[in-house]
Amino acid sequence: MKTVIIKLGGAAITNKKGSCQLADLHSLDALMNQIQQAYEFLSAAGHKLILIHGAGSFGHPQARRYNLKQGWVTTSGLSTPPLGDEDDPLDQKAGFAHTRKCLLELHLALLSRLQQRGLPVLGLSPFEHLETDGGDKSPNSCFQDLANRTSQYLKLGFIPLLHGDAVLDRSLGCTILSGDIVMHKLVMLIPNITRCVFVTDVEGIYDADPKTTKRPKLIKHMPVRPEEDKPLPKRGGATKTAANRKQRRLAPVSTGVIDVTGGMGGKAKWARQIMLDAASSLKRTDLEIVICKAASSEASKVMSLDPVLENGVPIPGQLMTVFSWAQ
């Protein structure tokens, strides 16, 4: 049995230039149909499916407005940047509640569309099953209960639908938990996850912003090597890794929208980290991670576990970015 994780990026399911706006309904329905087809194929083959969705315009503008990523404003001082003259800690608590309400609206909208297609999808909100400890640096142990419930849903024949969330944090008070990090933790804690798919509104990672640059080059293969996780010397005594250095060479996708969890750069970062941690902690080098465009023919194939590599390199003609272990 194999398990596939599909992360539905906020840019693919919402209009990130607005606030609490879904993506074009034709495009959204096409993506939902792809998920249905993928589930039917995977289920017939005895495989499992986990879904995660981003927040898009239902979470990022709200989180930015109330400065939720860095934690609460405390009575003894600021643990986050100032909220502004019109805001205060009470407003931040109200903002946290408002952000979660917006996230749940998106969550229920996706649940409804998937269930209308006969899919046995159960919602699973991280807020209700974990507290992080230090934001993005939280240990895997913080996610064990969430992973256990996800595994339970899979064993019972359901499709878990998780999402990026506003959560409580033991160190910061609160934070914004990216769906990319949720994916990373599930890979580390649930066995047999074979492929992770990031579905977004562009074909993959480019050498220049594809939305503002003419003829940008799609980077179709991102081979990951173990030395990328080793620290390199840096002036001033600090360290960096080869992955950090390569990360800075990747072009971000400039959409003119707010993304408090890193956007395309965050996807590339966490894709590499998943590969490196799976190899070092789980001794696994068979994991594949793909970034592809929603409603594309490539997305349909990737979701259904069609091969994406041939002799260690991407199959010609495919418009996607594949992260794999270097041969």
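Biologist: What is the expected span of a helix?
Modeller: This model is predicted.

Biologist: How many residues has helix 5, and what distance does it reach from its first C-alpha to its last?
Modeller: Helix 5 covers residues 144-155, which makes 12 residues. At 1.5 Å a residue, a span of 16 Å is expected. The reach from the first C-alpha to the last is close to that, at 16 Å.

Biologist: Which residues of helix 5 are buried, and why do they line one face of the helix?
Modeller: A residue counts as buried when its relative accessible area is under 20%. In helix 5 this holds for Leu-146, Ala-147, Thr-150, Ser-151, Tyr-153 and Leu-154. An α-helix has 3.6 residues a turn, so residues three or four places apart point the same way. Viewed down the axis of helix 5, the buried residues line one face because they fall within an arc of 160°.

Biologist: Which residues are exposed on the other side of helix 5?
Modeller: Exposed residues have over 50% relative accessible area. On the other side of helix 5, those that are exposed are Asp-145 and Lys-155.

Biologist: What covers the buried residues of helix 5?
Modeller: The cover includes strands as well as a helix. Among the strands are strand 1 (3-8), strand 2 (48-53), strand 5 (121-123) and strand 6 (159-163). The helix included in this cover is helix 6 (179-189).

Biologist: What percentage of the residues of the chain count as buried?
Modeller: The chain contains nine helices and 18 strands. Of its 327 residues, the share that count as buried is 53%.

How values were computed. Residues are numbered from 1 along each chain as its sequence is written. This is a predicted model: local features need pLDDT of at least 70, side-chain atom pairs count only at pLDDT 80 or more; totals for chains, interfaces and linings use all residues. Side-chain values use heavy atoms; hydrogens and water are left out. Helices (H or I, at least four residues) and strands (E, at least two) are DSSP runs, numbered from the N terminus. The expected span of a helix is 1.5 Å times one less than its number of residues. Buried means under 20% relative accessible area, exposed over 50%, partly exposed in between (1.4 Å probe, protein chains only). The arc is that of the directions from the helix axis to the C-beta atoms. Contact means heavy atoms within 4.5 Å.
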